[in-house]
Amino acid sequence: MKKKQAATEEPAEVNLDTSEENEAPVKAKRIKPDAGEEEEVVYHPVKLSRNDLYRPPTAEELNQLKEAESLFHCSLLKMQMGELLKEVALSERRKQQIDSFIQTVTKLFQTVPDSPEVEVSDLSWLSGTVKVPFLLLPKITKGKFHMAPPASIDLIGSYPLGTCTKPHVMVDLAVTIPAVSHLSIFFQTQYPRKRALYLAGLAQYLTSSSDIGTMRYSCLHGNRLRPVLLLTPPDKNSSSFTVRVHACPPPGFFKPSRFHPQRNNIRTEWYTGLQTSHSESSEPPTPHYNSSVLGDLLPRAHLQFLSAISSQCSAFADGVALLKVWLRQRELNQGTGCFNGFLASMLMAYLLTTHRISNTMTAYQLLRNSLNFLASTDLTVNGISLARDADSTAPTLAEFHSAFQVVFVDPSGHLNMCADMTACTYMQLQHEASVSMQFWDNPTVDGFHSLLMTPKPMIRTSDHVFQLCELVKLQSSCKKLNLLSELMDHSGNYIHTALPFILSLLQQGLDQRIQLLTHSLSPDPEWSVESEAPKYKAQPPLSFGLLFRPELAASVLERGPPADSPKAAEFRQLWGLRSELRRFQDGAITEAVLWDGESMCQKRLVPKQIITHLLQLHADIPESCVRYVGAMVDDVIKSETKDTGEEKSLAVVQSYDDLSRKLWRLEGLPLSITAVQGAHPALRYTQVFPPKPLKMDYSFFDKEKTCRSLVPKEGKPCPAYITPITVICHMEGSGKWPNDRLAIRHIRAAFHIQLGELLRKHHKYTCRPCPTHLDVWKDGLVFRIQVAYHREPQVLRESVNPEGLLVVRDNEEAQALEMATIHKPLLTSTLHGLQQQHPCFGAVCRLAKRWLGAQLFTPLLRFNHVFPFVEGVFPTDFSADYTEIKNGFMASRESLPVMFIATPKDKKLSMWTRRAPNVQMLQRVMMVAAESLKVLEQQLMDGNQIQDVKVVMRPPLEVYDAVIHLNPKQVPLLSQAVDPPSVTFSRGVMTGSAAQSGGSLPVIDYNPVSLYLAELREAFGDLALFFCDPYGGTVIAVLWKPKAFSPVPFKTSQVSARSVKVTGDEANTVPNVEAILEDFQIMGKGLVKSVEARTEKWSF
């Protein structure tokens, strides 16, 4: 009924010229429905007069067109920006709810009762349930406190400014503490304590009100000196917004000059409780404590300043909103030392006041210019200030730099708004801004989605991550580093005290190995008003992210200065006993540190050795407190030798190179060899488990009588799987090549025989020629050489029709041959080159393939090595052709595969994904990948997880209808399983190095599991789908096809695996599930251990 009513409403007025308000709008025409018909509104195009149709565009329209052309890669980006701003903006309904709740809270605060004057240490006036949100250490005895109603209550922050955004809506309310509350003493942390007492008094009064929902304490940006009270409404809107109550001193109550960063406001004698000889002038400065007090003095002035700037720039609020979204996606907007929304607003205000951006710019332009400024300006070296007419007592930028790592001074000239920010956090901000600018300027990348819609937590943006788990150990670090003055400045917060020094130590030790060192921002703690303030050690572990320079990260040698250099002592002091004098091949004698690392797997963890050594030596942090997340996932691609296979891949490539050279030098062939190309994943470093040289145990096998090849013995476990490494050998073109497909095959077979004879004669290799290939046993590896003729795919496409005309038609056979002899070798050489540029490429591909196999996505395994290849090549090789590829894709989308991948040699057809995956498979992969990513990140970053990281490699079998359990004895790749069994089987392999040549040919490419799987798909592929982990999986999962179980009319030619059901005069057949399951067992006799029917309707 609602739809009918909506359909009969008057149509909205359609104004085609949005710029001229004086013109009357033109209504769209509506056709009236005939009587008896359902009412339906049909809109037709509006007919415009010739003058309206060809009217020149207005100035505003021209500006919009120019902006869309010059600023955005496409009009879609402009619309996306608009929709995002609508999404994060507060609705009018939400604003009404906030205003109503603020009025309620204001009225309650105005009725706070007075309390008698008491000593600061006397908490008897508080009820037993409400606690003080402050760690009362050291205890003080002097000072008075008196509870009274607030002198004033004001909205501050982003809500009155109009820059408040979803999803976490925080409304700031400043409650002015009355002057009668004895705030005048600001040193010895008395002011923060009295401020906390005042918040506790407010919380105690609000506990009796039913107009308040939940009440909790927190700290402003993690600063324990600035506790706040969080209030939520009592109704269903309790989670829609939070009011954050700040207790502030009256304006002008303190002189800002008293909080100069070089002045002291915490006495050493009071803090330590020990008598000292320090005079007031010799006390160490307390800049961080001073900035905390100053921060409470200035929020109203800051709001007035930002409001004045915002009124001059119409897009200010939208620009700040976009910048806040960008910061939130990078987890830089919350926590201690963050770049929060307030700083984002101040940054944009600075750019406007210094005329770096114009008041007429759009929100997108404001965002771009802000990111460009962050990327190009180093506030750790050259601070900036909003102060224009600061008084003479205001510190200089040099004085700020001497006290703080990052400097951004507020309009008063007295407060550094980045006082708590570390240099590493700002470097991370700079790095992210620089990367974002590159994305914005690249037309081939969806910058909007990448920069504003995609979260970038530390685990995704860092090469390695490590955590400091037992934070209480940082107390001993402060003692070891002699940080008493800094500890006083941070009021006992040993975590924030030690953090800058630990970061500096790691920067010095890792030096050229890293591009960027980042750390997590301590989250704002929240606790109930009835609980004591949490201890510092209660916060989550500190996480550190490392972004490496690939060429230097894995170096095992740290070469220092010459022994007679003045810097040698400094080098020895940094590295301790690990430093020693060494002579190098160039004759130099220098200090050096040599780290453990033989295999690539070990070398990747050299940074771990550096970090644990430095933390133990200089900060008293034991290795047991360091949780290193660098190589946790590598276990799933480790072999029995506990390495990750890089050395095996290199050995395969070296053996292949040697074979290639020997093939080139062969003499006596009728035609010369024009190219030798590898076509196996091991030669492009993407084989999950690279082939390893094997030394065969001949007693384990029988020998075939004619060619003396090894054959498996009956009753023995399946022999070790030996994968043939495919090598394509192209022969030169000649008029001697026939044009008949069968004759070409015969000639290729003859070449295989002759190549085998020559390799056996000149190099003593064991060879076995076959019609389709030549197997060569070399260095404990098997190379499968396939002779190729470049015109054979074309010959396969040619045929002669009955009229005698030559017809060229593409077919599956020609495509398969072209893929094997042309495209795969080209892909192999390209990916081999990519591996040389990016050493982690192969390992990443192998991990991705291992995950696909473990999750039983076997149909995708032959395509996934293309994904990282496209990501690496696309931005550089395709930038000029991007528009052509995109237009061709959009024009032919319906005829293209579900997953489209363009490569330099295939820009239109996506040959790699032509057969698979289908829609259902791709959707399933995307869904499982998203869930696996969540679980994996949680496993990597949370050390308290019960399960290991392999949980993402264990597929759920509940979704399948039947499961075929295999006999582990007959699974040759059992050792590659995600969870290999403790029981192992002898598979005819001996320890030791393999012979370079000679010996009997082993059993090649024999995997009973894959052969059985192929038979199942051939016999029952129309009834079910079969899934198996190709890397040591011991189960085959079966999923029935629903359409296959629909009854079909009886036919004698279609009774295989079906039973007949007669209904009246009709005879239909349906699949005989019981017989099919029994066939599974019979077909896999000796391999199949049991067949389990999972779905009840198929059980028997």
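Helix H29 spans residues 841-854, 14 residues in total, and reaches 20 Å from its first C-alpha to its last, close to the 20 Å expected at 1.5 Å a residue. The model is predicted. Two further topics follow: an open sheet of five strands, and salt bridges, of which the count comes to 40.

**Helix H29**

- H29 is mostly covered, with 11 of its 14 residues buried.
- Leu 856 follows H29 and has a positive phi, near 70°.

**The open sheet**

- The strand order is S20-S24-S27-S26-S25, and the pairing is mixed.
- Strand S20 (673-678) and strand S25 (766-769) stand at the edges; each has a single partner strand, so one side of each lacks a neighbour in the sheet.
- From one strand to the next, the twist averages 25°.
- Strand S24 (residues 724-731) pairs with strand S27 (residues 781-788) in the parallel sense, over seven bridges.
- Within that pairing, Ile 728 has Gln 786 of S27 as its bridge partner.

**Helices on the sheet**

- Helix H25 (residues 646-664) lies across S20, S24, S27 and strand S26 (774-778).
- The direction of H25 runs at about 170° to S20.
- Helix H26 (residues 741-763) also packs on the sheet, where it touches S24, S25, S26 and S27.
- The direction of H26 makes about 140° with that of S27.

**Salt bridges**

- Asp 643 forms a salt bridge with Lys 648; their closest N and O atoms are 3.1 Å apart.
- Buried means under 20% relative accessible area. Asp 643 counts as buried because its relative accessibility is 12%.
- Lys 648 is buried too, with a relative accessible area of 14%.
- Lys 662 forms a salt bridge with Asp 658, and the closest N and O atoms are 3.1 Å apart.
- Lys 662 and Asp 658 lie four residues apart in helix H25, so about one helical turn separates them.
- An α-helix has 3.6 residues a turn, so residues three or four places apart point the same way.
- Asp 658 is partly exposed, at 21% relative accessible area.
- Asp 779 forms a salt bridge with Lys 778, with the closest N and O atoms 2.6 Å apart.
- Asp 779 counts as partly exposed at 22% relative accessibility, whereas Lys 778 is buried at 0%.
- Shared partners join Asp 658, Arg 661, Lys 662, Lys 778 and Asp 779 into one salt-bridge network.

**Annotated segments**

- An unreviewed UniProt entry places the feature "domain: Nrap protein" at residues 171-311, 315-454, 460-619, 637-836, 880-955 and 957-1091.
- Over residues 315-454, the chain is 52% helix and 3% strand. The end C-alpha atoms of this segment are 24 Å apart.
- Over residues 460-619, the chain is 39% helix and 23% strand. Here the end C-alpha atoms are 28 Å apart.

Note on methods: Residues numbered from 1 in each chain as written. Predicted model: local features only at pLDDT ≥ 70, side-chain atom pairs only at ≥ 80, totals over all residues. Heavy atoms only, no water. UniProt positions renumbered as here; feature names shortened; annotations may be inferred. Helix = DSSP H or I, 4+ residues; strand = E, 2+ residues; numbered from the N terminus. Pairing = 2+ DSSP bridges. Axes fitted to C-alpha atoms, helices over the stretch in contact; angles between N-to-C directions. Contact = heavy atoms within 4.5 Å. Expected span 1.5 Å × (residues − 1). Buried < 20%, exposed > 50% of the residue type's maximum accessible area, 1.4 Å probe, protein only. Salt bridge = Lys/Arg side-chain N within 4 Å of Asp/Glu carboxyl O.
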